[in-house]
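Subject: Handover of a structure and the findings in it

Dear colleague,

Please find the structure below.

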Amino acid sequence: MSFTHAIMFHHFHNQKHQPSQGSISSSEFSNMLDWLNNSFNILGAKEYLNKFENSKLKPNDICLSFDDALLCQYDVALPILRKKKIKAFFFVYSSVYSKKPDNLEIFRYFRTNKFKNINDFYKTFFSTVEKELSENLFFHLKEYKKINYLSEYLIYTEKDRWFRYLRDEILGPLRYEKVMLKLMEDKKFNPKKIIHNLWMSEQHLKEISNLGHVVGLHTFNHPTKISKLSYKKQQKEYEENYKHLNKIVGKVFSMSHPCGDYNHHTLEILEKMGIRIGFRSNLTETKIKGKFEIPRKDHALVLKEMKE
Ligand SMILES: [Zn+2]
């Protein structure tokens, strides 16, 4: 248990936000914090940073973090944090606030709301990909199995991992987008109708920062595989993200890696920017390897442990 340095949260549900893969309700969140409190010492984000920098963190000290600037976090989790007087990290990608928000969250909404269930989506997606590639997926499947792709993410199902393999290793961003846009067209899904319900506004970010939470970097476009980008492109991702957040919440000093992906270039860029603390998104490494490599446990794993 001592390697639980931080907990990573994404989706929450209530009347306004539909349940989706891995999402939790307000009461589940509240119970989870109580449960965590039994074994751990939940520190405020700034206190965690302070103790970390002074090598004063105890094995049971942990912090909470929320990725992707999701409105459901503001609506569902924030009131609970307020009640329990816990300050957390919020990692925000900026394209959400531009004219061209990244499609990641839109695609997620589409696949959880416009299909009977996630396997129904996967069935459609896999057969569409097969057509798009006009080749048998057998060879890719063999390779995927050989490398045990993403097996470090204990919360993913077999199909979740195969989906991510096709998306990130075979199709790449452009072809993946093409497939998804086609599926959206087939289902007559118009993202404009739901977009206002996905993310926090800049005003919300200002508000959570004023409440004492810490808003940190999460790149501009949220690439699912930043390690595949050149040094220059990675630098642009973080610098534009920094510029944007700096205007809203002032000096930014923390970050988390989108999809937990990075390479030595990423770490060099963050160091040069003067970022002080950064988080991974899995537990492959249970120890803190460096200041931008603090492991985080997915809230779905905590939920599982609670049920054991
Ligand atoms: Zn993210």
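I begin with two helices. The axes of helix α1 (residues 26-39) and helix α11 (residues 299-307) come within 11 Å and cross at roughly 70°. Here helices (H or I, at least four residues) and strands (E, at least two) are DSSP runs, numbered from the N terminus. The axes are lines fitted to C-alpha atoms, for helices over the stretch in contact, with angles from 0 to 180 degrees between N-to-C directions. Helices α1 and α11 are therefore roughly perpendicular to each other; angles of 65 to 115 degrees count as such, those under 35 as roughly parallel, those over 145 as roughly antiparallel and the rest as oblique. Asn31, Met32, Trp35 and Leu36 of α1 are in contact (heavy atoms within 4.5 Å) with His299, Val302, Leu303, Glu305 and Met306 of α11.

Please note that this is a predicted model, in which local features need pLDDT of at least 70 and side-chain atom pairs count only at pLDDT 80 or more, while totals for chains, interfaces and linings use all residues. Residues are numbered from 1 along each chain as its sequence is written, and side-chain values use heavy atoms, with hydrogens and water left out.

Zinc site

Which residues are the protein donors of the zinc ion? They are Asp68 (OD), His218 (NE2) and His222 (NE2), at 2.1 to 2.2 Å from the ion. Donors are N, O and S atoms within 2.8 Å of the metal (3.2 Å for Na, K and Ca); water is not among the atoms, so sites may look incomplete. Along the chain, the donors have the spacing D-x149-H-x3-H. His218 and His222 are both buried, where buried means under 20% relative accessible area, exposed over 50% and partly exposed in between (1.4 Å probe, protein chains only).

Aromatic rings

The model has 31 aromatic pairs. Rings of Phe, Tyr and Trp (its six-membered ring) pair if their centres lie within 6.5 Å; planes under 30 degrees apart count as stacked, over 60 as edge-to-face and the rest as tilted. The ring centres of Phe115 and Phe121 are 5.2 Å apart and the planes stand at 75°, so this pair is edge-to-face. Phe115 is buried at 7% relative accessible area, and Phe121 is buried at 0%. Phe125 and Tyr176 are also edge-to-face, because their centres are 6.0 Å apart and their planes at 65°. This pair links distant parts of the chain, with Phe125 in helix α5 (residues 118-133) and Tyr176 in helix α7 (residues 158-186), 51 residues apart.

Two charges sit over these rings, which requires NZ of Lys or CZ of Arg within 6 Å of the ring centre and within 35 degrees of the ring normal. Arg167 lies over the face of Tyr176, 5.9 Å from the ring centre, and Lys187 lies over the face of Phe115, 4.4 Å from the ring centre.

Two residues with positive phi

Most residues other than glycine have a negative phi. Lys85, in the loop between α3 (71-84) and β4 (89-92), has a positive phi of about 55°. Is Lys85 buried or exposed? Lys85 counts as exposed, at 71% relative accessibility. Thr219, in the loop between β5 (214-217) and α9 (231-249), has a positive phi near 70°. At 0% relative accessibility, Thr219 is buried.

Yours sincerely
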